[in-house]
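Okay, thanks everyone, let me get the model up on the screen. I'll keep this short.

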Amino acid sequence: MNFFEEVYKLCKEIPRGKVSTYKILAEKLNTKAYRLVGYALRSNSYVPKVPCHRVVDSRGRLHGFGGSTSQRFLDRKAKLLRKEGVKVKDHKVIDFDKVLYKF
DNA sequence: CGGTTGACCAAGT
DNA sequence: GACTTGGCCAACC
């Protein structure tokens, strides 16, 4: 079981309309390498099999959604996120506390 | 095998 | 409030 797969598994556990953070996922993996979570997601973001759009940083911001990765692709996910009940404004999660899924 | 990297985080400047 | 610094740790080269 790779570190990546662990991350993916946790991502799938996030229910619809909820989001989680890199930090929480990292802690669930029993590690402090928050970066690795994002690192893992980056490698797999092109696959709908992992709802990586439900994972944001600790302040409710969607990272890389505005510069690093393909904006269009991720922007589509941001919209999907809104559709699921998570309000997203300019790649930032509104009501972050309410939609935060703490496993 | 060693150095760099990264979709992070928190605290400091 | 934007930017820098130090720290974390697996994957990558």
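I'll go from the overall fold to the DNA side and then to one helix pair.

Quick housekeeping: this is a predicted model, where local features need pLDDT of at least 70, side-chain atom pairs count only at pLDDT 80 or more, and totals for chains, interfaces and linings use all residues. Residues are numbered from 1 along each chain as written, chains are lettered from A and ligands numbered from 1 in the order written, and side-chain values use heavy atoms, leaving out hydrogens and water.

So, chain A: 5 helices and 4 strands, taking helices as DSSP runs of H or I with at least four residues and strands as E runs with at least two, numbered from the N terminus. Along the sequence you read α-β-α-α-β-α-β-β-α. The C-alpha trace spans about 35 × 30 × 20 Å along its principal axes.

Now DNA strand C. Who sits around it? Phe-3, Phe-4, Thr-31, Lys-32, Ala-33, Arg-35, Leu-36 and Tyr-39, where near means a residue heavy atom within 4 Å. By class that's 5 nonpolar, 1 polar and 2 charged (Ala, Val, Leu, Ile, Met, Phe, Trp, Tyr, Cys and Pro are nonpolar, Asp, Glu, Lys and Arg charged, the others, Gly among them, polar). Both α1 (3-13) and α3 (34-44) supply at least two residues each, and α3 gives the most, with 3.

α1 and α3 pack at about 85 degrees, axes 9 Å apart, with axes fitted to C-alpha atoms over the stretch in contact and angles running from 0 to 180 degrees between N-to-C directions. That makes α1 roughly perpendicular to α3, a label covering 65 to 115 degrees.

Definitions and conventions. Angles under 35 degrees count as roughly parallel, over 145 as roughly antiparallel, 65 to 115 as roughly perpendicular and the rest as oblique.
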